[in-house]
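Let's walk through this model together, starting with its surface and moving on to the partner chain and the confidence scores.

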Amino acid sequence: MRTTLLLLTLTLQLTASFAQEIVKGKITDQRGQGLPGANIYIKHTFDGASSDKEGNFLLKTKRTGNDTLVVSFLGYENSEHPIHLRYNGEGLTIRLKEAFNKLEAVTISVGAFEASDEKKYAALKPLDIVTTAGATADISAALNTLPGTQKVGETGRLFVRGGDGSETRTFIDGLWVQNPYYSTLGNTASRGRFSPFLFKGTTFSTGGYSAEYSQALSSTLSLNTIDFPTHNKTDLGLMTVGASAAQTLVGKKQSITTDLGYWNLAPYFAIVKQNRDFDKAPEVFQGSAVYRNKITERGLLKVYGSYSRSIVGIHQLDDVSLSREVPTQLDNSFGYLNASYKDFIGSRWVVTTGVAYNYTKDDYKIDQLNFQKKEQAIHLKNTWKYDLSERADLRVGAESFFTKTTFTTNIENFRRQQLNDELTGAFVESDIYLTNNLTLRPGLRFDYSTLIAEPTFNPRISTAYKTSSYSQVSFAYGQFAQLPSSDLMRYDSKLKYEKADHYILSYQVMKNDRTLRGELYHKKYNNLTTYSGQPNGPLSSLANKGNGYANGFDLFWRDKKTFKNIDYWISYSYLDTRRLYQNFPKEAIPTFASTHNLSIVYKHFISEIRTQLGATVSYGSPRRFNNPNQEEFNEGKTPAYKDLSVNAAYLYKENIIFFASVTNVLGTNNIFGYRYALAADEEGQFRREAINQGAPRFFFVGLFITLSQDKKENQLDTL
Amino acid sequence: MKKIITTLLLALTITVTFANDEAYRNAMKENIKAMESSQNPEELQAIANTFERIAKMAPSEWLPVYYASLTYIRMGIFEKQNKKKDAIFDKAKPFLDQAIDLAPTEGEVILLEGYWHMMKLTADPVNRSQTFGPRADELFNQAQAKNSENPRVYLMKGHMEFGTAQFFGNSTENACALFRKSLSLYDKAPSDELAPSWGKGETEYMITNCK
């Protein structure tokens, strides 16, 4: 018994006095840089340690013999090492390999500005679009403060890198919006039809865009709607121009939001004098509905429908002599329906299918002439995305556009004309993540128009290389084709595709809440449509004999850090472009182009008074115009464009916001060009009228209230 | 002699299997205590790593990944450099997701998910208040529905209420009522010594800011 007890005590003592084994070493990345906070442990035990600031670690364990040492660290591949705890537990240096993570891989940003909460390298957030002064919550106006855009104030549309306004296409959830702007008269700037708060993400491409899109020679604007609202709410808006109300109802799997808006500028025009002579101030009625249904566990059906009616009437000088006042009225009806369904099949497939229906009817009454243009378009689209492997995915898609355009007039011999087209498109594109630092995106686009019975193949390629953890260099090359507009095709339906080739080189640095981006580009245009006649009047001799080029340099600097609570960005664009198109007698600088464009956007949140202040300074160098009294074509120069706009949003209560804005505070009389009479007067001179802003300044005041179960939500996003 | 060796071996085997459970509980207890009392980000990183190791040893338990996530959240709170906070909260997410996978209907897990959203909101309030704020509220309500006696529910709701009241210069009375309710519920002993019991000190501290 005593021997047994002695043996037991001895065994216990021996167990207790077993020295701790020590494993020491350093954890580094591939370049030898120490990694702090890594988790080092013996497999299948609790025994472990964490690395310090320099990556050094000290692990103590009671185990001896052969074991496996595991190292894990977020962003890196787990590393296992066989180890004999007695004999080689000291002085280990373990280099971890960076784990391939698609979210961390370099994303190609060349030629595109993204506003997104989700994407890590997005230069903008969706809120930026709505808080930019001078834009009054219009998406295009806000995007006009980014590089690559031109100030073409009399239209309110996007003119990108030497391209005409018709060279930009707009998509909602991948489906085409034929007429995203309200129709206007008399060179009055238009605005976008869609409220920015519908969208969770915006991609504005200034060139070299994906093979998924086509029929746009210059750029695409891709808007993605919000997936699913979080809870019930009522939004009310009372503004100097009208009122709006929206209701959101949310269930477990379904949600619906309906909104109504009515705008009438008559009271405002009675107080603030306008440059144009309105005999019917713009009046707009708008209604829309958004429906969501989580049909399957991962599948989401989105339906968006919108209807609007707008009427405006002005007196303007006649085209021929610019001496007689002519009443002009425009009555527009617009309908848009967009349904898309996205679902995941297995772990590798994502399928999206959608359909969009566009209806636009413009009824013009110009003096004695009645002119109606009715456009209908259906867009059907299917895309499949397949995860080939961890490092590559493939996207394939097919789509059809059915367009029917009808022109009706009360002029004898020009009563009715209809233009139908069926355009079929297909694309294939792949994202290849060669390494974490190098991504390649080749693509091919195919289009076929039944109207002209011609196919077109357009290859595209882009690539990005991460030069450091916060900078990248990227390059894009692409061929783009676009059918001439229906306004031209109605005279000659055998025209060919207009073409453009893009070459873009980009460098971007994003560090410490500051972004610097520079892009160099070269665009070559071919087969642009040329004709005889005036843009408004009947045309003849249409052909694809035009061409042109656009070279330039864009710079973007954004700083959210240097000044406390202040966020500002500066955009500068340099453009050198000439083209031969429309009725140009020779290659010349087009009237929408200006050599230098500058925007400075400033935002400041003052928390003591719960107010967000914003200001935007815009400058555009002189634009060309054609003066028929002069020999040279497009030799006239307008004065430079200058604008200072300000806004303020005051968070009165959690769910109540006061908003006020003034565009062109200094009242600068910006002249965008001149309208010349078609016929010379008695002295052989052509009279002219300046094309200027609707009014020196635009004042806007609004009150926005959100009523919801959760009092804290407000419409900060909508402003 | 053979009998003694067999008995000894048997005793050792029982110790070993019992030790696993005992070791698990001890390791958990020790680290829960360390996590609750530490305000040093480096220390908290090491504690989070320990919870990660415990989780690998007990992959069907939700508590280790729950505490790993909670430790990272605390680490983010005590991190002095604002720039790093968001990245640290992101480290908490994979563990939170694992806890949700293992125990999707557990009230404390739902509350933790709300806590995570609330902290992500504080890292970028201007851009995230419209999405993360309502989501956090929704999750706190769900957690309350699971267990209306959970003191942490009222602590979290109190935090949201307090932050908003301060921002608008309103009275913090509602927030304080929530903190007091929370405090009264802490005195009830938790069912299991490993179950979440944190937050009392924090609640007491918030009450000192009340009148």
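Which strand gives the largest share of the nonpolar patch? In this predicted model, the answer is β26(A), with 3 residues. The patch covers about 920 Å² and includes Tyr465(A), Phe475(A), Tyr503(A) and Phe553(A). Patches are built from residues with over 30% relative accessible area and no salt bridge, with like charges joined within 9 Å and nonpolar side chains (Val, Leu, Ile, Met, Phe, Trp, Tyr) within 5 Å. Accessible areas come from the Shrake-Rupley method with a 1.4 Å probe, and for residues only the protein chains shown count as cover.

Each of these strands of chain A supplies at least two residues of the patch:

| Strand | Residues |
|---|---|
| β25 | 471-482 |
| β26 | 498-511 |
| β27 | 514-532 |
| β28 | 540-559 |

Tyr465(A) sits in strand β24 (residues 454-468) of chain A. Its relative accessible area is 42%, so Tyr465(A) counts as partly exposed (buried is under 20%, exposed over 50%, partly exposed in between, with a 1.4 Å probe and protein chains only).

Chain A as a whole has 5 helices and 38 strands, which are DSSP runs numbered from the N terminus (helices H or I, at least four residues; strands E, at least two). Its C-alpha atoms fill a box of roughly 135 × 55 × 45 Å along the principal axes, and 51% of its 719 residues count as buried.

Now for the partner: 35 residues of chain A are in contact (heavy atoms within 4.5 Å) with 29 residues of chain B. Together the two chains bury about 2,900 Å², 61% of it from carbon and sulfur atoms; buried area is the accessible area (1.4 Å probe) that two parts lose on being put together, summed over both. On the chain B side, Arg53(B), Gln130(B) and Phe168(B) lose the most area to chain A, together 25% of what that side buries.

How many salt bridges cross this interface? The rule finds 1, where a salt bridge is a side-chain nitrogen of Lys or Arg within 4 Å of a carboxyl oxygen of Asp or Glu. Lys53(A) pairs with Glu42(B) in a salt bridge, with the closest N and O atoms 2.8 Å apart.

A word on confidence: chain A averages a pLDDT (the predictor's confidence in each residue, from 0 to 100) of 88. Over residues 11-17 of chain A, pLDDT stays under 50 and the model has 0 contacts beyond four places in sequence. Where pLDDT is low, the predicted coordinates should not be read in detail.

Residues are numbered from 1 along each chain as its sequence is written, and chains are lettered from A and ligands numbered from 1 in the order in which they are written. Local features need pLDDT of at least 70 and side-chain atom pairs 80 or more, while totals for chains, interfaces and linings use all residues; side-chain values use heavy atoms, leaving out hydrogens and water.
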